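Here is a short briefing on one protein model. Look at the structure first, then read the points on helix packing, strand pairing and overall dimensions.

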Amino acid sequence: MTEDDRGAQRTYRVGNVAIPARPLEPALYLVATPIGNLGDITLRALETLAGADVLACEDTRVTRVLLDRYGIAGRPLAYHEHNADEAGPRLIAALDGGRSVALVSDAGTPLVSDPGYRLGQLALEAGHKVVPIPGPSAPLAALVGSGLPSDAFLFAGFLPVKEKGRRDRLAELSKIPATLIFFESPHRIADTLVIAADVLGATRAACVCRELTKTFEEFRRGPLGELAAQYVDQTVKGEVVLVIGPPADDDVPAAVDVDVMLRELASSMPATKAAAEAARLTGLSRKDLYQRLIELKDGDGG
């Protein structure tokens, strides 16, 4: 495992000033790093990266750029989806040995759509402390820059690659009364917009957020149908986040309508299947619908 000499002075640099990093208690530190602009790093993140006994990252070349920018001499260890089975236990062993471990992804907050989730689970199962070091986040940057409602939102990660999978997933989420946030590949965004306009409705508000915090940052806002037309036959480069506004109020089923639907479905099928079918039709939680159905049956006297 590559790591710092524990006896060496650990510092980070802000401008021309070298600042000593305070010792860290043994724990797994999940450190958010810039999603584009290296100036977005926090002072706490820099001190954590400089002070950790072991620094694990998704791609050592990407992380080395950040470390060099801020004068951090530690040598990072690669931890990614292809070596997680091997590197993960070694990092847990470091925690077992009383060392501090910092984990970063290539960009943004670790554990969000990356294999760091597995390491976090292992650390907690082994009884170790897990400490989030918050900072840049592509989903949140896209949300606040989109101009769409932010009082309730759902980050849904990547949509399926195949068209049917994308259609089915969007249909599942269609009635959720919240703004939806997706990561999308630049070469699939045009097709995804067409599918989203078809499944969710061409008038539903959306925003395509590209190259967030970078030189060519772009927000394209408008109804899904208009955005789909704009991206036809257009070559898209860079990282993309798709934000889709919530359904109109009259598209979200009222509680009384859901109760009627549950009773009708339950009259011809078992409760579990009735809840599953209601979830498919409304986009609401199957677990919540099942619980509501049980309450309705108890209220009806069985």
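A crossing of two helices is left-handed if the near helix is turned anticlockwise from the far one by less than a right angle, and right-handed if clockwise. By that rule, H3 passes H4 in a right-handed crossing. The model is predicted: local features need pLDDT of at least 70, side-chain atom pairs count only at pLDDT 80 or more, and totals for chains, interfaces and linings use all residues. Residues are numbered from 1 along each chain as its sequence is written, and side-chain values use heavy atoms, without hydrogens or water.

**Helix packing**
- Helices (H or I, at least four residues) and strands (E, at least two) are DSSP runs, numbered from the N terminus.
- The axes, lines fitted to C-alpha atoms over the stretch in contact, with angles from 0 to 180 degrees between N-to-C directions, come within 10 Å for H3 (residues 84-96) and H4 (residues 116-125) and cross at roughly 40°.
- H3 brings Ala-84, Asp-85, Gly-88, Leu-91, Ile-92 and Leu-95 to the contact, which means heavy atoms within 4.5 Å.
- H4 supplies Arg-118, Leu-119, Leu-122 and Ala-123.

**Strand pairing**
- S3 (residues 28-31) and S7 run parallel, joined by four bridges; pairing takes at least two DSSP bridges.
- Val-31 stands opposite Ile-133 of S7.
- On S7 (residues 130-133), Val-131 and Ile-133 form the covered face, while Val-130 and Pro-132 form the uncovered one.

**Whole protein**
- The protein has eleven helices and twelve strands.
- Its C-alpha atoms fill a box of roughly 70 × 50 × 30 Å along the principal axes.

Note on methods. Buried means under 20% relative accessible area, exposed over 50%, partly exposed in between (1.4 Å probe, protein chains only).
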